[in-house]
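Me: Could you take a close look at one part of this model for me, the helix pair you would start with, and then tell me how it sits beside the other pairs and the ligand site? Keep it chatty, please.

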Amino acid sequence: TKLTALTVAMSVSAGAAFAACDPGETVIKFSHVTNTDKHPKGIAASLLEQRINDEMNGKACMEVFPNSTLYNDDKVLEALLQGDIHLAAPSLSKFEKFTKKFRIFDLPFLFKNIEAVDAFQTSDAGQELLDSMQRRGLQGLTFWHNGMKQMSANIPLVTPADAEGLKFRVMSSDVLVAQMEAIGGSPQKMAFSEVYGALQQGVVDGQENVWSNIYGKKFFEVQDGITETNHGIIDYLVVTSVDWLDRLDADVRDQFLTILNEVTNTRNSESYAVNQKNRQAIIDAGGEIRTLTDEERQTWVAAMQPVWEQFSSDIGQDAIEAAVQINA
Ligand code: LMR
């Protein structure tokens, strides 16, 4: 649907729940948790929405609900299975209830950059992950990139010893719990929408995230500083329900998937640049960023990397070795 003031007014007065859609159009509701305009996922979601609504007018319409306004990531996959929404893009750390195979993406210091993540995802082992939750009703469509994670706390972090005894927010992943325990921290799983408040009120002392989230949700304002560890990654699975995808008309499905793949290619190649802009925005806003010497960074590697061992049987030693090769 092309929105005009008149159609919005008419839909609102008619009490339509979904103002952007015309009768007969396939409705695609997309719920996610980040902001929209300066974030790799937010920008990609907005571009997808715009292209679907322009190019599939009369056949399909999309409405994006960003910033956890509809669901947080703990609820979004259930909502997808119930058909309340049709598309989501949670981080790969949030699929633990559905598969343990995604744990590979959370292993600290495995992927050196997003190009390596991309190379792994496009390998056979990576592409198989898209179909790995079909029996649970979820269909992965493609991966969207974000970037490397950094550490922050309410005191300066230079070596892992500084993290001893601190409470850290983590995404809902047991690998990340183990990683924070490995540096002597006490990890707490928490929804993204609650992190700012928890840091501000001292419910937790620190967190790990990408520049676009640390700036986008202003975590840097309630932390002592950000330590540039690049110790892990945040990347996303664009996911739908097997049922919904099966029931789409073939031409609608094809066009939708074609547009999704084009948006993926356009935006994935920009994720690094988007994060660097967010990093700079933190500096411009007076935030403190601490860079590490090679020696200092090595102390984080030594403390965190033993975690691989704990999860190698869940993930599969073959997959870990394939990822190591890609990073060599
Ligand atoms: C987080 O929970 O920190 C991230 O997964 C949020 C996101 O979607 O980038």
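Reply: Let's start with α6 and α13, which are roughly antiparallel to each other. This is a predicted model, and in it the axes of α6 (residues 174–182) and α13 (residues 307–315) come within 9 Å and cross at roughly 160°. As for handedness, α6 passes α13 in a right-handed crossing. On the α6 side the contact is made by Val175, Ala178, Gln179 and Ala182, and on the α13 side by Val307, Gln310 and Phe311. Sort those residues by class and you get five nonpolar, two polar and no charged.

Now for α4 and α14. Helix α4 covers residues 114–122 and helix α14 covers residues 317–327; they pack at an angle of about 135°, with their axes 9 Å apart. That makes α4 and α14 oblique to each other. Their crossing is right-handed. Ala116, Ala119 and Phe120 come from α4, and they meet Ala323, Ile326 and Asn327 in α14. By class, this contact of α4 with α14 has five nonpolar residues, one polar and no charged.

Helix α2 (residues 40–55) packs on helix α10 (residues 250–268) at an angle of about 145°, and their axes are 10 Å apart. The crossing of α2 and α10 is right-handed. From α2, the contact takes in Pro40, Ile43, Ala44, Leu47, Leu48, Arg51, Ile52 and Glu55; from α10, Phe256, Ile259, Leu260, Val263 and Arg267. The tally for α2 with α10 is 10 nonpolar, no polar and three charged residues.

On to the ligand, then. Around the ligand you'll find Val33, Thr34, Lys41, Ser91, Asn146, Met171, Phe192, Asn209, Asn213 and Ile234. By class, the shell around the ligand has four nonpolar, five polar and one charged residues.

How far would I trust the coordinates? The mean pLDDT of the chain is 94, with 94% of its residues reaching 70 or more. For the complex, the predictor gives an ipTM of 0.99 and a pTM of 0.93. The stretch to watch is residues 3–17, where pLDDT stays under 50 and the model has six contacts beyond four places in sequence. Where pLDDT is low, the predicted coordinates should not be read in detail.

Notes:
Residues are numbered from 1 along each chain as its sequence is written. This is a predicted model: local features need pLDDT of at least 70, side-chain atom pairs count only at pLDDT 80 or more; totals for chains, interfaces and linings use all residues. Axes are lines fitted to C-alpha atoms, for helices over the stretch in contact, and angles run from 0 to 180 degrees between N-to-C directions. Helices (H or I, at least four residues) and strands (E, at least two) are DSSP runs, numbered from the N terminus. Angles under 35 degrees count as roughly parallel, over 145 as roughly antiparallel, 65 to 115 as roughly perpendicular and the rest as oblique. A crossing is left-handed if the near helix is turned anticlockwise from the far one by less than a right angle, and right-handed if clockwise. Two residues are in contact if their C-beta atoms, placed from the backbone, lie within 7 Å. Ala, Val, Leu, Ile, Met, Phe, Trp, Tyr, Cys and Pro count as nonpolar, Asp, Glu, Lys and Arg as charged, and the others, Gly among them, as polar. A residue is near a molecule or strand if its C-beta atom, placed from the backbone, lies within 6 Å of it. pLDDT is the predictor's confidence in each residue, from 0 to 100.
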